[in-house]
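Take a look at the structure below. We will walk through it piece by piece.

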Amino acid sequence: MAGDPARNDPDPVAGETGDAAPVIVARGLTKRFGAVVAVDHLDLTVRRAEVYGFLGPNGCGKSTTIRLLCGLLEASEGSVTVLGHELPRAAEAVKRRIGYMTQRFSLYEDLSVSENLHFFATVQGLSAAKARVRISELVERYDLGELRRRLAGTMSGGQRQRLALATAVLHEPELLLLDEPTSAVDPQSRRDFWDALFDLAQSGTTMLVSTHYMDEAERCHRLAILDRGRLVADGTPEELMAALPGSTLRVSTATPRRVQQWLARQPHVIGVAQIGSSLRVLTDRAEGGVAWLSPQLNDAGFQALVEPAPANLEDVFVATTRQRARDRA
Amino acid sequence: MKLARLLAVLVKELRQLRRDRLTFGMIVGIPTLQLLLFGFAINLDVRHLPAAVLDEANTWRSRELVAELRSSQVLDFRHHLAVPQQIDELMRRGEIGAAVVIPRDFERRLEQPGEPAWQVVVDGSDQSVQAAVRQLASFPLASLDPVRGTRAVASVQIVNLYNPERRAPINTVPGLIGVILTMTMVVFTAMAIVRERERGNMEMLIATPLSPFELTIGKVLPYVGIGLIQVSLILILGIVVFDVPIRGSLLDVYIAALAYISAALALGILVSTLASTQFQAMQMAFFLFLPQILLSGFMFPYDGMPRAAQWLAEIFPLTHFLRLIRGIMLRGAGIGELWPSLAALAAFILIVLAFALRRFRKRLD
């Protein structure tokens, strides 16, 4: 994780100037579709050259938030400032300075790699000469050289993602918004893709990436966890793990399925997941988990070994999203 | 607006069109098929029409008339009748399409110009039959030429049994230019724009600085060219196959066509802002197509329509285009003389395009 001196700064306000000014500031951002609240009073601050992750289950409002930030949707309530421009009024000015990679592949499948790149270069306002230089640079960087004549529709998921990324950064945007960029990509391509994102961050590009992969979320500088349109937690991955209200236990037993079913009914248990032959139990008890659970399992007639386990991001995710579901119930 | 962006969209559209075999086939296929189908259905050259003859005069002249009619090959006399009632029966059963009636006082009537000497009863429910007989009747027949040098054209009376409203079939081919352009242009443009939305390209496009004007105009410009190709195809087929005249100037024909293509494209753009799937676009285009066909004067004569329908027809661009193209091609009028129709088309284009571009939002909600 790159060190960020301003990390603990609680709430930088919109309208700051200079490099320290946040790239995205959203306050009370709300989007309703009829009776459905897709984004519910979201507060968000993203700083320059940061890789900011959006973690959340499907339908939690990640895509809607990204579209609001691109100016593709108009907020029902709240304010958004992107790159110093207030939306929706300055949507067109923002569009010139951002790159957007849609969740669904949105380049032309019946055009070749090079035709797609040239089309979007012109659309982004690059001169013909500049476009040529920039495209050959990107083709090189994203390993598209041998695919130049291939129709985009005939390429693999990983190849398409590289092309989509190359297209999104043609005009060297200051802010890149990526909506689940790796959902249709194999693990090796995902790794390569994230390396490419960090290269961009290195050169000063700010990125907002939505994902539902924990390993990807863990690589972000900062992270927001979204659940049903609300921001339920945000901070660096370390902060989030450190702030986990409960604790994690590993339960080794010969009958994991039965123990899991029993555990799921117990109070203080937020989540149980089977990992190999052992169980990973998330409780809302911060301290003394082993001393609490071990005798209970014995009383229930199970042979089990309970040990403390280090928290990970998935625990944070489960704890924050489940907690809210319980509060609601 | 930036010209480079508009051109980029145009080039992209042409590239996609080149790879889209189906659309490419439709560009040529629809006009050819439509013209041949409509064209032959309205073909004047009907031959061997089943007919009956009721020769009450039975003189050498009447027999000569029947022989001459038979030799024209238009009518095929299958029945020789004795009483007029049989005509009704045969026609109702669909056994004959026409009947020639030669009255008892045929000779006397021939001597008196102005009075019809004989009669053709025609099944008016069939347009092509009616047209064929009508043409036959206007043919000067030697046998009806009692005094050399005078033509006996007027001496036949045509009784139109089931369709008193008659239609000039030659109107159909120029009209077909309008109908085919309506069908293809509205659908092509609406689908081309909606396709971007359906395939997800639009989300990417509206996140770029591309303006609605650059996008839509860039996208539809190739279709102006395609429309002109279609017009040429219809004209060539119309002239070669159906011998349709172009009495006015060819340039005027193309000016009128260009104006109408633009109107149809504007309508297509409007449809594209209302539809969210290609299927919906297709449905809407069809919904707009039908009343135009029915009310524009293509199917039924404008003057015969009730006042309210006429007002409605004035809104449709096809109505104005039909006036232009029939005026130019059939009556040899100059486009300047027909300026009100051209002005109406121009107004339609401006209003619809302005409305469509206003509706086109660079947003998803």
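**A walk through the model**

The C-alpha centres of domain 1 and domain 2 of chain A lie 39 Å apart. Where do these domains run? Domain 1 of chain A covers 24-236, and domain 2 of chain A covers 245-310. Keep in mind that this is a predicted model.

Now take chain A as a whole. Its C-alpha atoms fill a box of roughly 75 × 45 × 40 Å along the principal axes. Chain A holds 11 helices and 14 strands. Of its 329 residues, 45% are buried. Look next at contacts in chain A between residues at least 6 apart in sequence. Of these, 68% join residues at least 24 apart.

Next comes a sheet in chain A. It is an open sheet of 4 strands in the order 2-1-4-5, and the pairing is antiparallel. Which strands stand at the edges? Strand 2 (36-46) and strand 5 (85-87) of chain A do. Each has a single partner strand, so one side of each is left without a neighbour in the sheet. On average, neighbouring strands of this sheet are turned by 25° against each other, direction ignored.

Strand 4 (residues 77-82) and strand 5 of chain A pair in the antiparallel sense over 3 bridges. Here A:T81 stands opposite A:E86 in strand 5 of chain A. A helix also packs on this sheet: helix 1 of chain A touches strand 1 (24-33), strand 2 and strand 4 of chain A. The direction of helix 1 makes about 60° with that of strand 2 of chain A.

Now turn to where the chains meet. How many residues does each chain give to the contact? Chain A gives 23 residues and chain B gives 19 residues. On the side of chain A that touches chain B, helix 1 (62-70), helix 2 (91-97) and helix 3 (113-123) of chain A each supply at least two residues. Helix 3 of chain A brings the largest share, 4 residues. This side of chain A divides into 10 nonpolar, 5 polar and 8 charged residues.

Finish inside chain B. The axes of helix 7 (residues 172-198) and helix 10 (residues 250-274) of chain B come within 8 Å and cross at roughly 40°. Their crossing is right-handed. Residues of helix 7 of chain B that take part include B:I177, B:L181 and B:M185. Among those they meet in helix 10 of chain B are B:A257, B:Y260 and B:I261. What kinds of residue make up this contact?

Methods: Residues are numbered from 1 along each chain as its sequence is written. Chains are lettered from A and ligands numbered from 1 in the order in which they are written. This is a predicted model: local features need pLDDT of at least 70, side-chain atom pairs count only at pLDDT 80 or more; totals for chains, interfaces and linings use all residues. A residue is buried if 20 or more other C-beta atoms lie within 10 Å of its own, exposed if 12 or fewer, and partly exposed in between; C-beta atoms are placed from the backbone. Two residues are in contact if their C-beta atoms, placed from the backbone, lie within 7 Å. Axes are lines fitted to C-alpha atoms, for helices over the stretch in contact, and angles run from 0 to 180 degrees between N-to-C directions. A crossing is left-handed if the near helix is turned anticlockwise from the far one by less than a right angle, and right-handed if clockwise. Ala, Val, Leu, Ile, Met, Phe, Trp, Tyr, Cys and Pro count as nonpolar, Asp, Glu, Lys and Arg as charged, and the others, Gly among them, as polar. Domain bounds come from an automatic or database domain assignment. Two strands pair if DSSP finds at least two bridges between them.
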